[in-house]
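Please keep the sequence and structure open while reading.

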Amino acid sequence: MEDTQEIKELVVFFSYENEERPRRLAEAMLAELKIPHLALGVDALTGGCELRLYYHKETLRLVREYFCRNTIVHNITYL
């Protein structure tokens, strides 16, 4: 990433490969962490769930810790 670009969002993808429904996993994480989000939706092609969050170092720390405590197939992208 170039130095002139600033990260503004985190996109957390909950995979369909999880045993529990991806949307339910995302909702459970939001409820536990009590963090604001931009959008939450299910990908019709993959069945996974995309959660968009405002980027903040504390938010990223909380999300990473959550995934360390729980076995969830996921991917985090920075925008």
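Two strands are said to pair if DSSP finds at least two bridges between them. The model is predicted. By that criterion, β1 pairs with β4 (residues 74–78) in the antiparallel sense, over five bridges. β1 also pairs with β3 (residues 49–54), again in the antiparallel sense, over six bridges.

**Strand pairing**
- F13 has N75 as its bridge partner in β4.
- F14 has C49 as its bridge partner in β3.
- In a regular strand, side chains alternate between the two faces of the sheet.

**Aromatic residues**
- There are two aromatic pairs in the structure.
- In one of them, the ring centres of F14 and F67 are 5.6 Å apart and the planes stand at 55 degrees, so this pair counts as tilted.
- Because F14 belongs to strand β1 and F67 to helix α2 (residues 57–69), the pair ties together parts that are 53 residues apart in sequence.
- Y66 and F67 make an edge-to-face pair, with 6.0 Å centre to centre and 75 degrees between the planes.
- F14 and F67 are both buried, and Y66 is buried as well.
- One aromatic cluster is formed by F14, Y66 and F67.

**Nonpolar core**
- The largest nonpolar core has 18 residues, of which V12, F14, M29, L51, L53, V63 and F67 touch the most other members.
- Two or more residues of this core come from each of β1, α1, β3 and α2.
- The element that gives the most is α1, with five residues.
- The contacts of L53, leaving aside residues up to four places away in sequence, include V12, L30 and V63. Among the others that L53 touches are K8, E9, H37 and T59.
- In soluble globular proteins, nonpolar side chains tend to be buried together.

**N18 in the loop**
- N18 sits in the loop between β1 (9–14) and α1 (22–33).
- Is N18 buried or exposed? The relative accessible area of N18 is 10%, and the cut-off for buried is under 20%, so N18 is buried.
- A polar atom of the N18 side chain lies 2.7 Å from the backbone oxygen of S15.
- Leaving aside residues up to four places away in sequence, N18 touches L25, T71, I72 and V73.

Conventions
Residues numbered from 1 in each chain as written. Predicted model: local features only at pLDDT ≥ 70, side-chain atom pairs only at ≥ 80, totals over all residues. Heavy atoms only, no water. Helix = DSSP H or I, 4+ residues; strand = E, 2+ residues; numbered from the N terminus. Buried < 20%, exposed > 50% of the residue type's maximum accessible area, 1.4 Å probe, protein only. Polar contact = N/O pair within 3.5 Å; in protein donor to acceptor, adjacent residues only side chain to side chain. Contact = heavy atoms within 4.5 Å. Phe/Tyr/Trp six-rings, centres within 6.5 Å; stacked < 30°, edge-to-face > 60°. Core = buried A, V, L, I, M, F, W, Y, C linked by side-chain atoms within 4.5 Å.
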